[in-house]
Amino acid sequence: MQISLKQTRAFVHHKTRRPEAEELLLNHVRETGESGVFLLRAKREDEGMYALDVAWHDAASNSAYVTHHLLSRSQTGVYMVDEQVYDRLMSLEDVISYLSRQRNKALPGPLTTFLPASEEVGDIPVQQVQSAA
């Protein structure tokens with residue numbers, strides 16, 4: 001599935017800090033039991049740098065935890081995830097689409113659901129990211 005630019009803007013949290021992001025994500029995972037719930041926080045947006053925060057549900061211990069990943073641009077302009085370069089990831093849409101269908105060394109599983117930045121884009125409901133299997 002392709003992620004649209006409008007959707008990408010909906011999941012970039014421009015004002016949310018790490019502790020707030022963790023709280024939002026953990027609350028959602030505790031309520032739903034989902035894994036792969038995420039949001040993007042703008043770090044240095046003008047330089048193409050974002051924090052990807054992802055919440056996971058550990059069924060064995062019935063607990064939730066959050067992992068944090070740096071999305072940034074390489075010198076060639078493609079996106080990197082935790083400094084690992086991906087040649088075909090030219091946009092945030094590409095990064096989210098890829099991470100929603102592929103396992104990655106940095107992620108315990110695929111991205112599944114994004115939490116929109118509702119305070120900035122209106123009341124957009126939590127949305128599933130559908131992968132192209």
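Predicted model: local features only at pLDDT ≥ 70, side-chain atom pairs only at ≥ 80, totals over all residues.
Is Asp82 buried, exposed or partly exposed, and what is its relative accessible area? Residues are numbered from 1 along each chain as its sequence is written, and side-chain values use heavy atoms, with hydrogens and water left out.

Now to Asp82, which is partly exposed, with a relative accessible area of 34%; on this scale buried means under 20% relative accessible area, exposed means over 50%, and partly exposed lies in between, with a 1.4 Å probe and protein chains only. Asp82 is found in the loop between S5 and strand S6, residues 84-85, and when I speak of helices (H or I, at least four residues) and strands (E, at least two), I mean DSSP runs numbered from the N terminus. The phi of Asp82 is near 50°, a positive value in a residue other than glycine, and this deserves a remark, since most residues other than glycine have a negative phi.

Let me turn to the strands, where two strands pair if DSSP finds at least two bridges between them. Strand S3, residues 49-58, runs antiparallel to strand S4, residues 63-73, and nine bridges join the two, with Leu52 standing opposite His69 in S4. The hairpin of S3 and S4 has four residues between the strands, and there Asn62 takes a positive phi near 50°; Asn62 is also exposed, with a relative accessible area of 60%.

On to the next pairing, in which S4 and strand S5, residues 79-81, run antiparallel and are joined by three bridges, and in which Arg73 has Tyr79 in S5 as its bridge partner. This hairpin has five residues between the strands, and Gly77 takes a positive phi near 95°.

Within S4 we also find Ser72, which counts as buried because its relative accessibility is 8%. If we leave aside residues up to four places away in sequence, Ser72 touches Gly48, Met49, Val78, Tyr79 and Met80, where contact means heavy atoms within 4.5 Å.

Finally, I would like to look at helix H3, residues 92-101, in which eight of the 10 residues are buried, so the helix is largely enclosed by the rest of the structure. The buried residues of H3 are Leu92, Glu93, Val95, Ile96, Ser97, Tyr98, Leu99 and Ser100.
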